[in-house]
Amino acid sequence: MSGTVEPKSFFHFLHPDFIVIELIPQKKGLIYRHFEYLVKSDLFKSEVKRRYSDFQALYDLLLLRFPYRIVPKLPPAKLMAMVAGVSSDVIDNRKKALTRWLTVVTSHPVFSKDRMIKFFLTDVSNDFSSFIRDQFRHIPDEFMLNEDGPRARDIATPGLRAEVMSYRSKMQTLVENLQSLGSLMSGELKRKEETAEYISKISKEFSSLSVSDISTSGNWSTIKDNMYRASKEMNSLSLLYEKMADDVDERVLQHVLLLVDVLQGYEDLYQRHEKGLLPDHKRGLEKIMMTKRRDTRGVLTTDRSWRDDIEKIILEHEIILSDLESRQAFALLCLNSERRLCEMYFEILGEVLRSLVRVEHGHLGKVVKQWQEVVSF
C-alpha cells in the first residue's frame, strides 16, 4: 500500500465497519473490578470479550508498527476506574471513549487493512493482551514494508516540511475551538439530564398527592384526578428529555469528541516526529538483521506467505531501508497524508450541525405538545 492515503470521501472510510462496544455487567475481583467489554464487528460478524489492557496492547502495537500515522490516545487507565463503587458515569464515558478510539482505528485507510485489526476483532485466545503482542511485535514497521519506503526521498518535495509545519498551527487553533464546543455540548447534555430528573421528581410528588385523603370535598377529588393525570403526562415529558439528552450525546457530542480525538492524535503524531526518528531507525535495523538470519517469530511462524513477502521486500531494498534520510522522507510523506485525512474528518462538523438542528427541533416540538397535554385539564 502506498504511503499516500487518498480516501474517496469522509463517509466512505468512516464506516467500513460498524463497531459496538458494550460493558459486560459481570464483575470480577473482591477489591478491584476488571471491567470487560463485548466488542462487536459488523464487518467480521464477530463478538469478542476485551479488557482495557487488550486495547492498550493494540495501541502500543499500532505505534510500534505505524509510528508516522495518527493513533489517538486511549482514555486514561485510572486506578479509580478499577475500584468498587466507582461512578457509573466514569464507566460509561470510558466505554464511549473506547468506542470512538476503535472506530477511528478500524476506519483508518492503512490500519483497516492490517492483519492486527482483524485479529483484535475476532481472536478469542486467553490472555489476549500478551498473545497479540507476541504475535505482532516482531513485524517490521510501515516504512520497511510500504511501497513508498524505498522511493520516499524521490517523492518528498522540497517544500513539504514547511507545508506540514504551517498546517500544524492552524490545527492547534481548531482543536481549541472544538474542545470548547465539546464542553458546551457536554453542559447542554447535563442540563437536559437534570431537567428530565427534575420533571420526574415533580411527577412522583403529584402521583403521591393524588392518593391523599386529606379532604373529602368534591373539589379535592377533582384536584386529585388532575394531579394523577398530570403525573402521567409529566412522566412522559421526563422521558422525552431523557431521549433528547441521549440523542444529543450520540448524534452530536460523540461526533465532536471523535473529531477532537483525531486532531489531537495528529498533534501527538507531530510531537513524536519532532522528537526524532533514531529509535524507530534502530528498531528497523534490528528487524533487517532478524530477517537476514531468518529469525521468524509470532504470526510469521504460521503465515509463511506473509513472511516470504516481508523477506523479499527487505532483502531487495536493504540498503535504502537502512538509510535514515529515507525514513525521514517517508515520515514527512505520512504526516502530509494524515493531514489530508484530518481534512476529510472535518466533514463531521456538517453532520454535527445538521444533527443538532434535527434533535432540538424535533424534540422541542414534542415537548411543547406534551406540555399542552399537561395543561389541558
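**Chatting through the sheet, helices and cavities**

Student: How many bridges are there between β2 and strand β3 (residues 46–51)?

Tutor: There are six, and β2 and β3 pair in the antiparallel sense. Strands here are DSSP runs of E with at least two residues, helices are runs of H or I with at least four, and both are numbered from the N terminus. Two strands pair if DSSP finds at least two bridges between them.

Student: Where does this model come from?

Tutor: It's a predicted model, with residues numbered from 1 along each chain as its sequence is written, and local features need pLDDT of at least 70. Side-chain atom pairs count only at pLDDT 80 or more, while totals for chains, interfaces and linings use all residues, and side-chain values use heavy atoms, leaving out hydrogens and water.

Student: What's the strand order in the open sheet?

Tutor: The three strands run β1-β2-β3, with antiparallel pairing. β1 and β3 are at the edges with a single partner strand each, so one side of each has no neighbour in the sheet. From one strand to the next, the twist averages 25°.

Student: New topic: at what angle do helix α9 (residues 218–274) and helix α14 (residues 347–374) pack?

Tutor: About 175°, and their axes are 10 Å apart. That makes α9 and α14 roughly antiparallel to each other. Angles run from 0 to 180 degrees between N-to-C directions, with axes fitted to C-alpha atoms over the stretch in contact; under 35 counts as roughly parallel, over 145 as roughly antiparallel, 65 to 115 as roughly perpendicular and the rest as oblique.

Student: How many cavities turn up in the whole structure?

Tutor: Two of 30 Å³ or more. A cavity is a set of points on a 1 Å grid, over the protein atoms alone, where a 1.4 Å probe fits but cannot get out, and lining residues have an atom within 4 Å of a point. Points are joined across faces, edges and corners, and volume is the space filled by probe spheres set on them.

Student: Which residues lie nearest the centre of the largest cavity?

Tutor: H138, M290, T291, D295 and L300, out of 13 lining residues. About 130 Å³ of space lies in this cavity. The elements giving its lining two or more residues are α10 (278–292) and α11 (304–316).

Student: What volume does the second largest cavity have?

Tutor: About 60 Å³. Its lining includes L64, R137, D280 and K287. α2 (52–65) and α10 each give that lining two or more residues, and α10's four are the largest share.

Key
1 Å grid on protein atoms, 1.4 Å probe; cavity = no way out; pocket = protein on both sides within 12 Å on 5 of 7 lines; lining within 4 Å.
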